[in-house]
Each structure stands twice: as structure tokens, then as C-alpha cells.
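Student: Before we discuss this structure, could you take me through the terms used for it, setting each value against its definition?

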Amino acid sequence: MTVILIPLLQIINVVINLFIWALIGSAVLSWLTAFGIINTRNRFVDTVGSLLWKITEPPLRPLRRIIPDLGGIDLAPMAMILILWFVQGVLSQLMFRVAMGGL
């Protein structure tokens with residue numbers, strides 16, 4: 001059981017880390033676009049922005065319904081990152097207990 005469970009939990013942890021970086025990238029890209037620093041008519045920028053939006057928007061949508069609108073500030077990515085950090089903490093405790101044979 002340990003042979004399968006620990007690598008599976010490690011892969012889930014890596015996927016969570018990648019998603020956190022996608023959230024950060026999406027937020028930074030939206031700021032750069034809002035301040036006019038980058039041009040969204042550039043094909044590469046548009047492709048990266050579209051990819052990040054497709055990856056991050058579905059999980060953020062329910063949070064945006066819960067978190068109140070603060071004008072131009074979107075707190076949903078930060079809330080999602082905090083939730084994912086909590087999940088990573090739970091996963092690390094689970095990995096520790098599985099490794100010690102206490103599960």
C-alpha cells in the first residue's frame with residue numbers, strides 16, 4: 001500500500017504546486033495587462049493568457065461568488081492559494097503517517 005500511496009501523494013503535491021504557480025502567473029499577467037505594460041494583441045501573450053485563464057478560472061469561479069467584490073481587487077486567487085497550502089499540509093501529514101506505518 002505504501003509503495004503506491006506515497007508516490008501518488010507526491011504527484012498530487014507537485015500538481016498543487018504547479019497550480020499555485022499558474023495562479024500567480026495569471027494574477028501577474030492580469031496586472032501587467034491592466035497597467036498596459038504588455039500587449040494582449042501579441043499572439044504569445046494572448047496564448048499564455050488564454051491558457052492560464054482556462055486553467056485557473058473554473059476553480060476560482062465558486063470562490064468569486066463567495067468572496068465579496070472589493071472593486072478592482074480580486075482576492076479569489078489568494079484565497080485559493082491559502083486553501084491549497086492547507087491541503088498540502090494535510091497531504092504532508094498523511095504522507096508522514098503512511099511512511100511511519102500508522103495509517
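**Values against definitions**

Tutor: T56 has a relative accessibility of 2% and counts as buried, where buried means under 20% relative accessible area, exposed over 50%, and partly exposed in between, with a 1.4 Å probe and protein chains only. This is a predicted model, in which local features need pLDDT of at least 70, side-chain atom pairs count only at pLDDT 80 or more, and totals for chains, interfaces and linings use all residues. Residues are numbered from 1 along each chain as its sequence is written, and side-chain values use heavy atoms, with hydrogens and water left out.

Student: Which residues is T56 in contact with, leaving aside its neighbours within four places in sequence?

Tutor: T56, which lies in helix α2 (residues 43–66), is in contact with F19, A22, L23 and S26, contact meaning heavy atoms within 4.5 Å. Helices here are DSSP runs of H or I with at least four residues, strands are runs of E with at least two, and both are numbered from the N terminus.

Student: What makes the pair of L52 and T56 a polar contact?

Tutor: The backbone oxygen of L52 lies 2.7 Å from a polar atom of the side chain of T56. A polar contact is a pair of N or O atoms within 3.5 Å; within protein, one must be able to donate a hydrogen and the other to accept it, and residues adjacent in sequence count only if both atoms are side-chain atoms.

Student: How many helices and strands does the protein have, and what makes it more spread out or less spread out than a compact globule?

Tutor: The protein has three helices and zero strands, running α-α-α from the N terminus on. Its radius of gyration is 17 Å, well over the 13 Å that the globule rule gives for 103 residues, so the protein is more spread out than a compact globule. That radius is taken over C-alpha atoms, and the rule is 2.2 Å times the number of residues to the power 0.38. Along its principal axes, the C-alpha trace spans about 55 × 30 × 20 Å, and 26% of the 103 residues count as buried.
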